[in-house]
Amino acid sequence: MDIRITPTPLCGGIEGIASKSFAHRALICACLSKGKSKIRINTTSDDISATVSCLENLGAVIEKDGAVWSVTPIEEPPAFACIDCRESGSTIRFLLPVVCALGVKTEINGSGRLPERPLSPLKEELIRMGASISDSFPLKVSGKIGAGEYTLRGDVSSQFVTGLLMALSYLGGGKIKLLPPVESRPYIDMTVQVLRRFGADIKEENNTFYIDSHGLKGCDFTVEADWSNAAFWLCSGCAVSGLNADSTQGDKAIISVLERMGAKTARNGSEFRADVSALHGAKIDASQIPDAVPVIAAVAATAEGETVIYNAARLRLKESDRIQTTASMLRSLGADVAETDDGLIIKGKPTLSGGKTDSFNDHRIAMAAAVAACKCTGDVIIGNAQAVNKSYPEFFNDYNKLGGKADVL
């Protein structure tokens, strides 16, 4: 699907969609619990569908009725399972330790760039603790890990930590030591929050997590609105409602980032808005908010002065090399962007020219391009814009509801 955007400012407000980060965690915890759960998720996506399909193949029963997902947990794991994580990095990194904890002989498939995305050092740690994992896709997994002491680097992927925290909570306990520096820490906090809601006892001291579970317990859980996707609308000057100001989601920092760039922000209860009409450059440490980098770069492209985004090296290992693809997308639209090893240097212009770009099969690149299009003088064509289905299938419909002009070619 290619999209043509006729540049026009966005305005108005919209309700935030469900956080897929919370949804992944809640669904997996529900499937590892004793007793049934009801998970309320107001929207879904390809990544959530991938996790649900995998959990069903591992023995859970998940039924959807409107926004309510009724979960009957895994009671008797199958002797063998074949699961397809599609293109979801969260799904494979969360479920690999879970599969090893269940002791299910499993074949794990993936598509797109997923087979290229790193699983080390998580994979080696699981092997050390009793699992057998093949070196190439489809992954062949067998053996069973137990409660024990695990050590991981804290600067590779918070998703590794999340998967282990859920697996050890299911197993009844354990210890995870993180070697500093610890990046994307808000995502780990989110995992701990969800696990505690399902009954896990988790304590932390000096980057070491102590898990004492006694088994997770089913519960009712409502997935809160997603700050990561709200960032695209906030950076467009629109209001987003339903957001939790006290959320553990790291991307709520988009408000403070925009304020540092000169935006005037306002809050009315759970509704947030930013006036982005007169932004200026800033230095942005992206170590805790990597997912927000493409849209920050998009607004920086038309901000006054220079913006430097750093500590974002992990973006090279996402659905695309997001440092390279963000730079390429913005340059295609007329922006002045240079790559560094761990980020971007953007020299703002009053407007961009527009032109043709691509999503690079990356949902956040497609959505960032749509935000950048608002400040272009000519039409913008986004190739392979269906990439938004990964996290936000209704993105372009909502874009048009906010006054945008996005048409399928």
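This is a predicted model: local features need pLDDT of at least 70, side-chain atom pairs count only at pLDDT 80 or more; totals for chains, interfaces and linings use all residues.
Residues are numbered from 1 along each chain as its sequence is written, and side-chain values use heavy atoms, with hydrogens and water left out.

The two strands belong to an open sheet of four strands, whose order is 6-7-9-8 and whose pairing is mixed. Strand 6 (80-84) and strand 8 (131-133) stand at the edges with a single partner strand each, so one side of each has no neighbour in the sheet. On average, neighbouring strands of this sheet are turned by 15° against each other, direction ignored. Helix 3 (residues 89-102) packs on the sheet, touching strand 6, strand 7, strand 8 and strand 9, and its direction makes about 30° with that of strand 9; here contact means heavy atoms within 4.5 Å, and axes are lines fitted to C-alpha atoms, for helices over the stretch in contact, with angles running from 0 to 180 degrees between N-to-C directions.

T106 is found in strand 7 (residues 105-109) and, at 2% relative accessibility, counts as buried, a term that means under 20% relative accessible area, with exposed over 50% and partly exposed in between (1.4 Å probe, protein chains only). Not counting residues up to four places away in sequence, T106 touches L58, F80, A81, I83, V99, L139, K140 and V141.

Elsewhere, strand 4 (residues 61-65) and strand 5 (residues 68-72) run antiparallel and are joined by five bridges, with W69 as the bridge partner of K64. These two strands form a hairpin with two residues between them, and G66 in the turn has a positive phi of about 65°. Burial is complete in helix 9 (residues 293-300), where eight of the eight residues are buried, so the helix is largely enclosed by the rest of the structure.

Charged pairs come next. A search of the whole structure finds 22 salt bridges, each being a side-chain nitrogen of Lys or Arg within 4 Å of a carboxyl oxygen of Asp or Glu. One of them joins K390 to D47, with the closest N and O atoms 2.9 Å apart; K390 lies in the loop between strand 23 (380-383) and helix 12 (395-401), and D47 lies in helix 2 (residues 46-57), so that the pair links distant parts of the chain, 343 residues apart. K390 counts as buried at 6% relative accessibility, and D47 counts as buried at 4%. Another salt bridge joins R185 to E204, the closest N and O atoms being 2.5 Å apart. Because R185 lies in helix 6 (residues 185-197) and E204 in strand 12 (residues 201-205), this pair ties together parts that are 19 residues apart in sequence. At 37% relative accessibility, E204 counts as partly exposed. Salt bridges that share partners join K20, D47, D291, K318, E319, R322, D362, R364 and K390 into one network.

Methods: Two strands pair if DSSP finds at least two bridges between them.
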